[in-house]
Amino acid sequence: MKLIPSIGFNDFSGSAGNVTARKTGDRTVLSTRTKHSKKKTTYQAATRCRFADTVRGYADITEEQRQGWISLANNLGTYHTSSGNTSITGHNLFVAINSYRKICGKPQSAEAPSELRPSDYIRFNDFWLSPEHIVFTGLGQRENPNEVLYIEMYPAQSPAENRCWDRTVLVAICPTTDWEEIDITHAFIEKFGAPLTIGQLVFIKICWLDSECGYIKYYTQIARIAQEASLVLNEPYIPRAKITIDQILASDENSICESFDYEMSPGSKFTSNEIIVRYTEGLSTASCFPHYGLLNVFEFERSYQYSRGTAEMNYAIHCTEVLIRNGFTNLINICCRSGVFPAHFETFGTYYITN
Amino acid sequence: MIILNSNNFGGGSVTLKDYQSKDICVLNGKISVNPTNSAYIAVKRLELDLPSDFAMAKSAISTAILASNVPIYRYGTVLHCWIENNKLCVEKLTEWDSYGNYEIYINSAFVTRGYRGDFTQTSKKTLSILNVDNLFRFHVYTYVETVDYVFFVAIFQSFPLSIGDGQGPFTLQLSDFAHNVNVEIPLIVNDTLYPKTMGTQITIGTFQNGNLTFSFPDNTSRMGGDRSFFNFFAVRNKTDSI
C-alpha cells in the first residue's frame, strides 16, 4: 500500500476505484492499492499463492489458537527476519512461521509452537562460487533431523551494487547434505535463468533452519565475487569420483539397471556402491550398460561383491563382479561370478577395487 | 577390541575386533539376535551404540551376513550395514525369525564418501593353495594385505562337496596369507542344485595361522562344491607374530 499525503480532499473519506481516503489526525491521507506486476513466473505465482493461503489460514483458526500466537509474539519482543528486526503481531508471526514451514514442505500449524528454535549460522570448509559450480563442502552434521539448509541469493548486476541483503530470494531448501556437501548450481540457474559470470558479486544468506519451527533468526551472510578457485582454500574444483544412474544408459538387450550409486574412496582404492538390476529376458548372467563418459580417475575398476536376490527372489546370495571401463571402452559390466543368479537382485557394500 | 554394550534390540554386549581411522574402519565379530525379544520386534533396524570416541560417525553402505538357525543349512543372506550417528546399524530382515535366535557376522570395511583427488592402484598379493588333495582350486581371488587388515575374496573352481567329500573338517592351506588374522567368516556354500528355499546355505569357517578350517553339518544332502565363495575384511592381530 502506497501512502500519498492529500492536499485536495480535506473532508473526503472512502474509496473510489483504486484510491482510498482516510482521516489521520487533521489530515486526509490517500492511499492506492498496490497491484502485482504483470510478470507471472511460476516462482512468483507460487510465492503469492503460498502467502495468500497462509494469510487466509489465520482466519480459520480458533480464538484460543489466535491468543496463543499473540502471546508468543508478545513474548518474542523483537522478531528477526531475513530482512531485519521487527516487532511482530500474532497474525504476522503466524504468517511468517507458517510461510517458512510451507517452504520446507510442512503443513500449516494452527497451534503456536511451545518454543521457537531459531535458525543457526553455518560452518563450512570450502566453497566454490563459479559459473559451473556453486558448492559448499564440509558443512558438518545437522544437529537435529528437522534441520534443513535454507539458502537465499542475489547476483548483483554490477560491481557497484552493494548492501543488497534485502534483495536476496530463496534459491534452495536442502533437506539433506551429500556427505556434508550441497551443490546448488542447478537451483541457482533455475532461479535466475543464467549461470554466474566470473567477477560477478553475489550476496548469499544461508542457515540451518528447523523446518518444524520455521523461525529464521541467525544466518550466515556471504558477499563474494565469483571466481574459478574455491573461496576458502583457493583450490581448483575437483569432482568426486562418483557415478549415478543418470550417467549410464540404464538398459541393455536383456536387463534394466534400476538403481546405480557408485563412488570411489581413497586408501588405496575402495568402492562403496548400491546397484539394482532386473533381467527382462533370457538366462543371461551378465549386463553391459554403456555410460556417457566418466572422469579420468575411472579407468578399469573391478570389484567382487556380495549380491542378493530381492524378496521375491528369496534373498539368494551370489557373488557379482562390477567392472567399470572408461576410456577406450565406455561400459559398465555387471556379471554373476558365483551362486544362484536371480533375475532381480541388488549388489551393495564396500570393497577393494583392483584391476 | 571394542565392546558395544547397548543396543536397541535387547541383545547382550557385543565384542568386535576393530581397526579405526577417519577414512576406513574394519570391524570383525558376530551379533546374536533373539527374534522373540519385544525390543527386537519393535524396531525397524538394529542399532548398536559405538564407543563415543569411535573414529567414524557416518559411513557409506557396507555389508553383514545373516546366518539363521534353520536346521543344518543355516540359510541366510547379506544385509545392509552402515555407521550413522555413531551407531552401527544393520538392516532387519524377519524371514528367518521363526527358526529362533540367529547370528549376524560383520567382517566388513566402512569408508566415507566425498573425496576429491587422485587415486593409486590397489596392490594385490599372490597366494598359493598348498593342499595336494585337489579339494581346493581358485576360480578367481583377490587378496589385499595391509599392515592393519586384509581383504580376501575367493570363488572356488574346486571346493569340498558334502555329498562326496563328507562333513570334514577341511583345511584350506595357503601360502603367504597373514598368520596374524584370526577370524570367523561365513562361507557361501550353496550348491547350484539347491531347492528353492528362502536364502542361501551358509557354513562358518575360521582363519587361523594362515589357513581356513571348516566343516559341513551332519546329515546334509548337498553343500559346497564349485563356485562356493567368501568375501571379507579382517583386522590383523598386533600381538601375534606375522
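Predicted model: local features only at pLDDT ≥ 70, side-chain atom pairs only at ≥ 80, totals over all residues.
Visitor: In what order do the 4 strands of the open sheet in chain A stand?
Guide: Strands are DSSP runs of E, at least two residues, and helices are runs of H or I, at least four, numbered from the N terminus. Two strands pair if DSSP finds at least two bridges between them. The pairing in this sheet is antiparallel, and the order is E10-E9-E12-E13.

Visitor: Which are the edge strands of this sheet in chain A?
Guide: An edge strand here pairs on one side only. In chain A these are strand E10 (169-174) and strand E13 (220-225).

Visitor: What angle does helix H4 of chain A make with E10(A)?
Guide: Axes are lines fitted to C-alpha atoms, for helices over the stretch in contact, and angles run from 0 to 180 degrees between N-to-C directions. Contact means heavy atoms within 4.5 Å. Helix H4 (residues 185-192) of chain A packs on the sheet and touches E9 and E10 of chain A. Its direction against that of E10(A) makes about 150 degrees.

Visitor: Which residue in E12(A) is the bridge partner of Tyr150(A)?
Guide: Strand E9 (residues 147-155) and strand E12 (residues 201-210) of chain A pair in the antiparallel sense over 9 bridges. The partner of Tyr150(A) in E12(A) is Cys207(A).

Visitor: How many residues of strand E18 of chain A are buried?
Guide: Buried means under 20% relative accessible area, exposed over 50%, and partly exposed in between, with a 1.4 Å probe and protein chains only. Strand E18 (residues 300-309) of chain A is mostly covered. Of its 10 residues, the buried ones number 8.

Visitor: Which residues of chain A are in contact with Thr142(B)?
Guide: Thr142(B) lies in strand E10 of chain B. Its relative accessible area is 4%, so Thr142(B) is buried. Neighbours within four places in sequence aside, its contacts include Lys124(B), Phe151(B), Phe152(B) and Val153(B). From chain A come Tyr304(A) and Thr354(A).

Visitor: Is Ser158(B) buried or exposed?
Guide: Ser158(B) lies in strand E11 (residues 149-158) of chain B. Residues up to four places away in sequence aside, Ser158(B) touches Asn134(B), Leu135(B), Phe136(B) and Arg137(B). Its relative accessibility is 15%, so Ser158(B) counts as buried.

Visitor: Why is the pair of Phe124(A) and Phe127(A) edge-to-face?
Guide: Rings of Phe, Tyr and Trp (its six-membered ring) pair if their centres lie within 6.5 Å; planes under 30 degrees apart count as stacked, over 60 as edge-to-face and the rest as tilted. The search finds 48 aromatic pairs over all chains. In this pair the centres are 6.0 Å apart. The rings of Phe124(A) and Phe127(A) are edge-to-face because their planes stand at 75 degrees.

Visitor: What is the angle between the planes of Phe138(B) and Phe156(B)?
Guide: Phe138(B) lies in strand E10 (residues 137-145) of chain B and Phe156(B) in strand E11 of chain B, 18 residues apart. Both Phe138(B) and Phe156(B) are buried. Their pair is tilted, with 5.4 Å from centre to centre and a plane angle of 35 degrees.

Visitor: Over which ring of chain A does Lys58(B) lie?
Guide: A charge sits over a ring if NZ of Lys or CZ of Arg is within 6 Å of the ring centre and within 35 degrees of the ring normal. Lys58(B) is at 4.4 Å from the ring centre, over the face of Trp179(A).

Visitor: How far is the sulfur of Cys89(B) from the closest cysteine sulfur?
Guide: A disulfide is a pair of cysteine sulfur atoms within 2.5 Å. The search finds 0 disulfides over all chains. Cys89(B) counts as buried at 0% relative accessibility. Its closest cysteine sulfur is in Cys81(B), too far for a bond, at 8.0 Å.

Notes:
Residues numbered from 1 in each chain as written. Chains lettered and ligands numbered in written order. Heavy atoms only, no water.
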